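Open the model in your viewer and keep the selection panel at hand. The stops below say what to pick next and what is there.

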Amino acid sequence: MSSSVKKKGFGATVWDYLTTVDHKKIAVMYLLGGTLFFVIAGLEAVLMRIQLMYPENDFVSAGTFNQLLTMHGTTMLFLAAMPLLFAFMNMIVPLQIGARDVAFPFLNSLGFWLFFLGGLFLHLSFFMGGAPDAGWTSYASLSLYSPGHGVDFYVLGLQVSGAGTLISGINFLVTIINMRAPGMTFMRMPLFTWTTFVTSALILFGFPPLTAGLILLLFDRMFSAKFFDVMYGGNTIIWEHLFWIFGHPEVYILVLPAFGLFSEIIPTFSRKRLFGYSSMVFATILIGFLGFMVWAHHMFTVGLGPTANAIFAVATMAIAVPTGMKVFNWLLTVWGGSIKVTTPMLYALGFIPSFVAGGVTGIMQATAPLDYQLHDSYFIVAHFHYVIVGGIVLGLLGSTHFYWPLFFNRMLNETLGKITFWIFFIGFHMTFFLQHFLGLMGMPRRVFTYMPDQGWDLFNFISTIGAFLMSAGVILLVLNVIITAIKGEPAGNDPWGDTRTLEWAIPQPIPFYNFRQTPLVRGLDPYWIEKQEGNKEGMVYAEPLGDIHMPNNSIVPFVMSLGLFIASFGALYSPLGVADDSRTWAIPVLVIGLVITFGSMIYRSLKDDHGYYVTVAEIEALEEELYGKKGGNK
Amino acid sequence: MAHDTPTVTRTSAQHEYYKQNNKATMQKQVVNFAIMIFLTLVAFSLVGAGFSANLVLPIILLMAGVQVVLQLYSFMHMEEKTAHEIGVVTMFMWTGMFFAFLMILAFVTIIWWNL
């Protein structure tokens with residue numbers, strides 16, 4: 001296997017990435033795919049802000065604005081934030097628990113390709129007659145009557161990429177339950193592994209309602225069913241319930257891993273163990289659990305009645321308790337620590353007040369009577385951007401700096417990183433802080449323009465300037481990545497010097513089989529314990545050096561996903577569809593796509609693949625090539 | 001070394017033990033299967049006998065619940081106390097059922113009855 005470190009041709013590299021089942025390479029692909037969609041969705045946001053810069057602006061048309069708005073929300077949540085978090089989960093969780101890979105490497109690859117091809121399909125809508133335009137929530141009363149194929153792209157694209165997410169979620173659950181290194185009990189798991197675990201549980205329970213809702217909408221749109229059509233005895237409210245039963249856990253699916261990432265960064269740079277570890281775990285589980293009982297707070301103004309509104313209002317406010325526990329635990333971790341303000345720490349310190357601001361406005365909206373005033377105003381826009389940008393995006397950017405050496409064995413430039421942080425952070429508050437007041441002044445959300453002299457002009461202008469600053473921040477980060485890729489020196493093992501968890505104990509560059517011997521975990525923050533006891537080897541190991549069993553690469557996940565991608569085009573132009581421009585090739589293409597997918601499933605089921613063994617001799621040869629010494633850990 | 005399928009050899013005592021075990025499990029599964037078929041028959045005959053819907057509906061729903069639990073514990077191996085991480089599995093199952101119940105309750109009360 002020593003050939004894996006030699007230079008390969010371009011075609012061989014592409015083939016390697018198409019067929020890989022290695023969690024580290026899949027993590028890199030998630031990072032690239034997520035960044036691509038993040039940049040696209042960010043560009044859509046900038047176009048919208050340019051349109052709203054001046055009253056009665058005509059930079060984009062109302063229809064285009066609706067498409068930008070829908071695609072910005074959908075892409076950011078499903079195709080940018082989640083894959084970027086999956087990138088970190090894939091890279092870090094198996095290393096953090098001392099596993100060789102995830103439990104089902106094949107499914108890991110399948111999850112990625114389903115996400116990517118689903119996302120690609122959704123974005124092809126821009127070139128094939130218009131993107132979805134019914135909002136990221138795609139309420140049935142609106143989306144059923146949307147002309148063209150936009151909403152069909154939404155339904156099919158999300159169905160395909162949602163299947164990928166569900167598969168990945170199940171994979172992480174099984175991995176974390178079954179593949180922890182000896183000594184790593186549940187209550188010794190690092191917080192990022194814990195939040196990944198709870199997030200995966202939320203995916204497991206949260207995505208099926210979305211799938212059910214999307215299937216019903218798909219039948220309504222493409223095969224003239226009437227599930228949501230009130231005129232034929234359907235019920236349009238059911239879509240809203242199904243969507244938000246998924247949609248509310250979705251925001252915790254996004255924010256919990258970000259909490260986990262910050263819970264890794266803050267103790268590292270406070271050089272102190274995480275304050276209140278067990279209460280952090282408890283709070284994570286409680287947030288996940290309560291996340292399923294509050295969905296109707298998105299629908300207070302639907303007219304559910306005072307009883308239902310009161311129940312959901314109280315349940316929503318209850319979530320502030322575990323979230324508050326987390327905030328105080330972070331503060332108390334920082335308190336009295338020997339703080340090193342590196343770029344990731346700067347993001348963490350910026351995150352705490354920003355996220356609290358978003359949380360507090362959330363409690364305001366949980367008050368049902370007040371929500372009648374705030375609903376569908378810019379106040380809501382300000383609230384959820386404070387939570388999502390202030391929580392998740394700051395988490396992603398901070399962790400990009402923190403974990404870059406783990407991904408690529410290079411350090412991102414710290415000075416440039418700090419400049420990026422300040423530009424992005426100031427831009428973020430500039431964009432969204434004033435939107436609270438725009439909302440209170442009565443500016444409705446999702447409007448493509450507004451009349452002058454209502455007191456909204458100046459705030460909208462400032463908000464747009466803030467959006468430009470945020471873009472400048474992201475561009476600087478990309479520049480930082482490019483500079484590092486060209487000039488970066490190998491970062492080596494434990495580049496931050498104060499890291500605590502198992503993923504940093506592994507030698508750099510990481511061999512494809514991760515730890516050559518499974519490490520023994522002797523407590524919370526195992527690497528820190530070993531460092532404190534002067535262990536030069538890195539870790540104590542739980543087994544002697546032996547042959548390592550590894551899975552074979554496979555192209556089947558890609559082919560399986562490609563089949564669904566092809567079938568989606570057939571379903572899109574179904575002869576029974578609402579859009580009324582069916583193609584004669586629609587049904588054959590649908591059938592061909594499904595045959596490819598199910599054929600590759602049958603192939604996979606019938607063909608036994610037991611993987612292969614890396615022998616001790618091969619391991620020693622590879623390690624000599626990587627680290628230039630024989631032996632090493634004994 | 002590569003591409004080997006692991007083979008397991010058992011002693012005759014082990015073989016006997018597993019044989020006994022499998023027999024007991026098989027008996028239990030046949031009994032449970034019979035109970036489930038019987039419950040299904042009862043449900044069908046209740047409808048066939050033409051009792052009032054107000055009587056039949058709750059009884060059928062109750063028996064459906066019994067069927068679900070039987071299914072989970074006898075055929076989906078939730079009764080195996082020694083199975084790996086069975087506690088986590090059980091917790092996930094019941095949490096999922098609780099969420100599902102909550103959703104059905106919400107749909108019934110706030111969409112269809114409109115309290």
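**Stop 1: a loop aspartate**

Select A:D494. Leaving out residues up to four places away in sequence, A:D494 touches A:T499, A:W504, A:Y527 and A:K531; contact means heavy atoms within 4.5 Å. This is a predicted model: local features need pLDDT of at least 70, side-chain atom pairs count only at pLDDT 80 or more, and totals for chains, interfaces and linings use all residues. Residues are numbered from 1 along each chain as its sequence is written, chains are lettered from A and ligands numbered from 1 in the order in which they are written, and side-chain values use heavy atoms, with hydrogens and water left out.

Now colour by secondary structure. A:D494 sits in the loop between α16 (457-487) and α17 (526-532) of chain A. Helices (H or I, at least four residues) and strands (E, at least two) are DSSP runs, numbered from the N terminus.

Is A:D494 buried or exposed? A:D494 counts as buried because its relative accessibility is 13%. Buried means under 20% relative accessible area, exposed over 50%, partly exposed in between (1.4 Å probe, protein chains only).

The side chains of A:D494 and A:K531 are joined by a polar contact of 2.8 Å. A polar contact is a pair of N or O atoms within 3.5 Å; within protein, one must be able to donate a hydrogen and the other to accept it, and residues adjacent in sequence count only if both atoms are side-chain atoms.

**Stop 2: chain A against chain B**

Show both chains. Here 27 residues of chain A are in contact with 21 residues of chain B. The two chains bury about 2,100 Å² between them, 80% of it on carbon and sulfur atoms. Buried area is the accessible area (1.4 Å probe) that two parts lose on being put together, summed over both.

Pick A:F205, A:H610 and A:Y613. In chain A these lose the most area to chain B, together 21% of what that side buries.

Highlight α6 (150-178), α7 (191-222), α8 (236-270) and α10 (306-318) of chain A. Each supplies at least two residues of the side that touches chain B.

**Stop 3**

Chain B has 3 helices and 0 strands. Its C-alpha trace spans about 65 × 35 × 25 Å along its principal axes. Of the 115 residues of chain B, 22% count as buried.
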